[in-house]
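Dear colleague,

Please find the structure below, for your review.

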Protein chains: 2
Amino acid sequence: MNSPRWLDSDEQRAWRAYLRMQGRLTARLNRQLQADSGLSLADYEVLVHLTDREEGRLRPYELQRDLQWEQSRLSHHLTRMQRRGLVTREECADDGRGAYVVITEEGRRAITAAAPGHVETVRRLFFDGLTREQVAALERLAADVLDRLD
Amino acid sequence: MNSPRWLDSDEQRAWRAYLRMQGRLTARLNRQLQADSGLSLADYEVLVHLTDREEGRLRPYELQRDLQWEQSRLSHHLTRMQRRGLVTREECADDGRGAYVVITEEGRRAITAAAPGHVETVRRLFFDGLTREQVAALERLAADVLDRLD
DNA sequence: GCCATGTAGATGATGCGTCATCTACTGGTG
DNA sequence: CACCAGTAGATGACGCATCATCTACATGGC
């Protein structure tokens, strides 16, 4: 890795601004969600994906694919969520190794209660400051970067 | 927080793409840095800021302001870095409550060794896929969002 | 000089994320 | 059927992040 192509000053500024924005924004969103509903962003994501399928039930590997999380992160997280009564695990008849994650009533109540405040916060902290062109450009940019990450 | 303004589909897509990009990108950067140099992104940031001042010495509260970290996060992190020999803490003569964080020789070696590979990875995973206009737009966007976060 | 308030920093508890590793089952090939 | 490679998932150890709380010193008003 000798003599790398360093970042020029435009890139430096953009990179620092991006890092700072993402750090602060994530922190704020997490804090709001935690304070108002006792959920973490991670909990929220899991619950959203579970409620997307109306049975409220998914195989962990599907959840993993959807969320793009590490397998062990998901497994640990589900254990914590299970301990708090947000989800349960059930056996999977088709595949003896497998399992189902199922959202509980309490999980449904939690996500239902949390969603409005969270969405409102995302809007207020993020989208309200941006034009539609900026939003479109961001989607583009994220897609371009993601393409190269595989 | 009744009847929030939900996100429309453009916003939804942009938001999901952003979240996914940032999660995967951060993970990749962290992994590369960790694997190639034994540093975390957080270590890297701290060391960069310390080497920016050529004495290699800062008051924790300055570091905190620069990094925009929570105070206790910084304190815990410095403790871990100290344990690994990357920094030391010294007393502050001017202010009896205060302290200095000082980068060690080992800290300097670590950041010097880590920087080229890290920068190269940032370039490869991020900037190489983007046009200069996209980079400029991102800086703008991040600045706009940051303005509203205070 | 004394007290109130504020600021610098550390610490313990707890939840989150990653890595390495383990178990158990599946499914294909001989 | 026996075997083996692969896949689903769990777990322990350890570093990271946050919250609440604590100590100690600084500083301004009386």
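**The surface near DNA strand C**

In this predicted model, DNA strand C is surrounded by 22 residues, and the closest are Arg80(A), Tyr61(B), His76(B), Arg89(B) and Arg97(B); a residue is near a strand if one of its heavy atoms lies within 4 Å of it. Of the atoms of DNA strand C that come within 4 Å of the protein, sugar and phosphate account for 55%.

The surface near DNA strand C comprises three nonpolar, ten polar and nine charged residues. In this classification, Ala, Val, Leu, Ile, Met, Phe, Trp, Tyr, Cys and Pro count as nonpolar, Asp, Glu, Lys and Arg as charged, and the others, Gly among them, as polar. Helix H4 (71-83) of chain A, helix H3 (60-67) of chain B and helix H4 (71-83) of chain B each supply at least two residues of this surface. H4(A) gives the most, with five residues. Helices (H or I, at least four residues) and strands (E, at least two) are DSSP runs, numbered from the N terminus.

- His76(B) places a polar side-chain atom 2.5 Å from a base oxygen of DNA strand C.
- Arg97(B) has a polar side-chain atom 2.8 Å from a base oxygen of DNA strand C.
- Ala99(B) has a backbone N or O atom 3.1 Å from a phosphate oxygen of DNA strand C.

**Strand pairing**

In chain B, strand S1 (residues 57-58) pairs with strand S3 (residues 99-103) in the antiparallel sense over two bridges; two strands pair if DSSP finds at least two bridges between them. Within S3(B), Val102(B) is the bridge partner of Arg57(B). Strand S2 (residues 87-91) of chain B runs antiparallel to S3(B) and is joined to it by five bridges. Here Arg89(B), one of the residues closest to DNA strand C, stands opposite Val101(B).

In chain A, three strands form an open antiparallel sheet in the order S1-S3-S2. Its edge strands are S1 (57-58) and S2 (87-91), each of which pairs on one side only. Five bridges link S2(A) to S3 (residues 99-103) of chain A, and Thr88(A) has Val102(A) as its bridge partner.

**Pockets**

A volume is the space filled by probe spheres set on the points, which are joined across faces, edges and corners.

The largest pocket has a volume of about 1,900 Å³. It is lined by 49 residues, and Gln22(A), Thr26(A), Gln22(B), Gly23(B) and Thr26(B) lie nearest its centre. H1(B) gives the most to this lining, with 14 residues. By class, the lining has 18 nonpolar, 13 polar and 18 charged residues.

The second largest pocket holds about 280 Å³ of space. Of its 13 lining residues, Tyr44(A), Val119(A), Leu7(B), Gln12(B) and Arg16(B) are the closest to its centre. The lining has nine nonpolar, two polar and two charged residues.

**Conventions**

Residues are numbered from 1 along each chain as its sequence is written, while chains are lettered from A and ligands numbered from 1 in the order in which they are written. Local features need pLDDT of at least 70, side-chain atom pairs count only at pLDDT 80 or more, and totals for chains, interfaces and linings use all residues, while side-chain values use heavy atoms, with hydrogens and water left out.

With kind regards

Technical notes: Polar contact = N/O pair within 3.5 Å; in protein donor to acceptor, adjacent residues only side chain to side chain. 1 Å grid on protein atoms, 1.4 Å probe; cavity = no way out; pocket = protein on both sides within 12 Å on 5 of 7 lines; lining within 4 Å.
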